[in-house]
Amino acid sequence: MSGYFDHIDPIKYEGAESENPLAFKYYDPKKLVMGKTMEEHLRVAVCYWHTFCWDGADVFGGGPFNRPWHARKKNDQKAAEAKLDAAFDFFDRLGQPFFCFHDVDVMANAETPKEHVKNLAKIVDKIEAKMEKHGTKLLWGTANNFSHPRYIAGASTNPNPDVAAFAALQVKECLEATHRLGGSGYVLWGGREGYDSILNTNVGQEMEQLGRFLAMVVEHKHKIGFKGDIWIEPKPHEPTKHQYDRDVGTVYGFLKQYGLEKEVGVNIEPNHATLAGNSFEHEVEMANAFGIFGSIDFNRGDPQNGWDTDQFPNDLRETTLAMYYILKGGGFVNGGSNFDAKVRRQSCDAEDLFHGHIGGMDLLARALINAAEMIETDTLQAFKDARYAGWKSGIGAEMLSGSANLEEVAAHALKGNSSPDPVSGRQEMLENYITNIVK
Ligand code: XUL
Ligand code: CO
């Protein structure tokens, strides 16, 4: 036991009338929604990196958080184990079913490749024992192939193949660890898989490298019998100026190019979507349209700051819409709701970590209830069905099926005596409908 969270009692569902800030008002894990419990729908995960690794440091100053497990000068095995104790103590008190980690979040620092393998294996033994004892499951694992200075020019896209080989070692070890720990998915976020200057970058060559790297990961997944999913996490920039996995549409094109669109899906993050100039729900619906929806890293940005602030989500309208499209796509299968979110730097107490997660989980619960209500009557679907009905028969169906060619379609148009009338898209009416649903 770390002792750091001892003054926080396990967080309970107390209902909307509760005034206790350290209680759930809406997240009621056993509540049934559309035939599944809230817990099963949402599959909430706590991320290891922001919650337990970050000490509050930013580019202007050091870490104000003073977490006891950061007290040791070096992140050695003892420090890694203290962090692990604290993490599972936190999970017990919050009661969420899953967690996510990067290899370097959980393990003691390593410099050499052999040290990396040894240190990861050492902590994975400990994680396995913790998971068995506490019951918290692994949603997904990932290798941090962006923080170490060896990755300044990318991991798999590095001009130096030895760097790509080190990245391959990290991914192999982390994928195997994820498999061993029963993870549902494995994420690849290409933090430095992109470039800062086109003047020194061979873009085509780098994308070939990334494509082959991804194919190797998929081959290895099948070789070891990992039954979970592999997801790319799109982001347009930060840390690099241009990242190759900029948004869902770009990732799909990339997957198609390398024949991996049936093997790899996406882990969508709202703050990454907005950085790419997309809305969160657009990214979810694009992933549904391409059949590559996987998982979500829930957070939000700040419209004034305009960078990846990774804040806990609090926009009910946006989250309701995203949840509606998630449910419409079939809901989470192996994926879930990972809070890739961090408390603000001034929120330096243990209890702030709870407030962040409680707020996020209550928000998801409300969004789920709203989305279920939307699906029950499905006003949007009915509206869209009527709007596109023309494509179900006649010339519309003939165009789509390919049974009519351009000349035949043009001949159909010539039969008309006038230009087709414009039809209202009823945007304001539908927006009003959403405003009235969100509660
Ligand atoms: C970075 C980010 C990562 C990934 C995992 O913006 O979101 O934490 O989720 O590497
Ligand atoms: Co993320």
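**Cysteines, ligand and cavities in a predicted model**

Mentor: In this predicted model, the number of disulfides comes to 0.

Trainee: How do you know that Cys-100 is in no disulfide?

Mentor: The cysteine sulfur nearest to that of Cys-100 belongs to Cys-47 and is 7.5 Å away. A disulfide requires two cysteine sulfur atoms within 2.5 Å, so Cys-100 is in no disulfide.

Trainee: Why is Cys-100 called buried, and why is Cys-348 called partly exposed?

Mentor: Buried means a relative accessible area under 20%. Cys-100 has 0% relative accessibility and therefore counts as buried. Partly exposed is the class between buried and exposed, and exposed means over 50%. Cys-348 has 30% relative accessibility, so Cys-348 counts as partly exposed.

Trainee: Turning to the ligand, what makes the pairing of His-102 with ligand 1 a polar contact?

Mentor: A polar contact is a pair of N or O atoms within 3.5 Å. A polar side-chain atom of His-102 is 2.6 Å from an oxygen atom of ligand 1, and a polar side-chain atom of Asp-340 is 2.7 Å from an oxygen atom of the ligand. For Trp-49, an N or O atom of the side chain is 3.2 Å from a ligand oxygen. These distances therefore meet the cut-off. Taken alone, ligand 1 exposes 290 Å², and the protein buries 94% of that area.

Trainee: Which classes of residue make up the shell around ligand 1?

Mentor: The shell has 6 charged, 3 nonpolar and 2 polar residues. Among the residues around the ligand are Glu-233, Lys-235, Phe-146 and His-272.

Trainee: How many cavities of 30 Å³ or more does a search of the whole structure find?

Mentor: The search finds 2 of them. The largest cavity has a volume of about 250 Å³. Its lining consists of 22 residues, and those nearest its centre are Leu-188, Trp-189, Gly-190, Glu-193 and Leu-210. Trp-189 is also one of the residues around ligand 1.

Note on methods. Residues are numbered from 1 along each chain as its sequence is written. Chains are lettered from A and ligands numbered from 1 in the order in which they are written. This is a predicted model: local features need pLDDT of at least 70, side-chain atom pairs count only at pLDDT 80 or more; totals for chains, interfaces and linings use all residues. Side-chain values use heavy atoms; hydrogens and water are left out. A residue is near a molecule or strand if one of its heavy atoms lies within 4 Å of it. A polar contact is a pair of N or O atoms within 3.5 Å; within protein, one must be able to donate a hydrogen and the other to accept it, and residues adjacent in sequence count only if both atoms are side-chain atoms. Accessible areas come from the Shrake-Rupley method with a 1.4 Å probe; for residues, only the protein chains shown count as cover. Ala, Val, Leu, Ile, Met, Phe, Trp, Tyr, Cys and Pro count as nonpolar, Asp, Glu, Lys and Arg as charged, and the others, Gly among them, as polar. Buried means under 20% relative accessible area, exposed over 50%, partly exposed in between (1.4 Å probe, protein chains only). On a 1 Å grid over the protein atoms alone, a cavity is a set of points where a 1.4 Å probe fits but cannot get out, and a pocket is an open set with protein on both sides within 12 Å along at least five of seven lines; lining residues have an atom within 4 Å of a point. Grid points are joined across faces, edges and corners, and a volume is the space filled by probe spheres set on the points.
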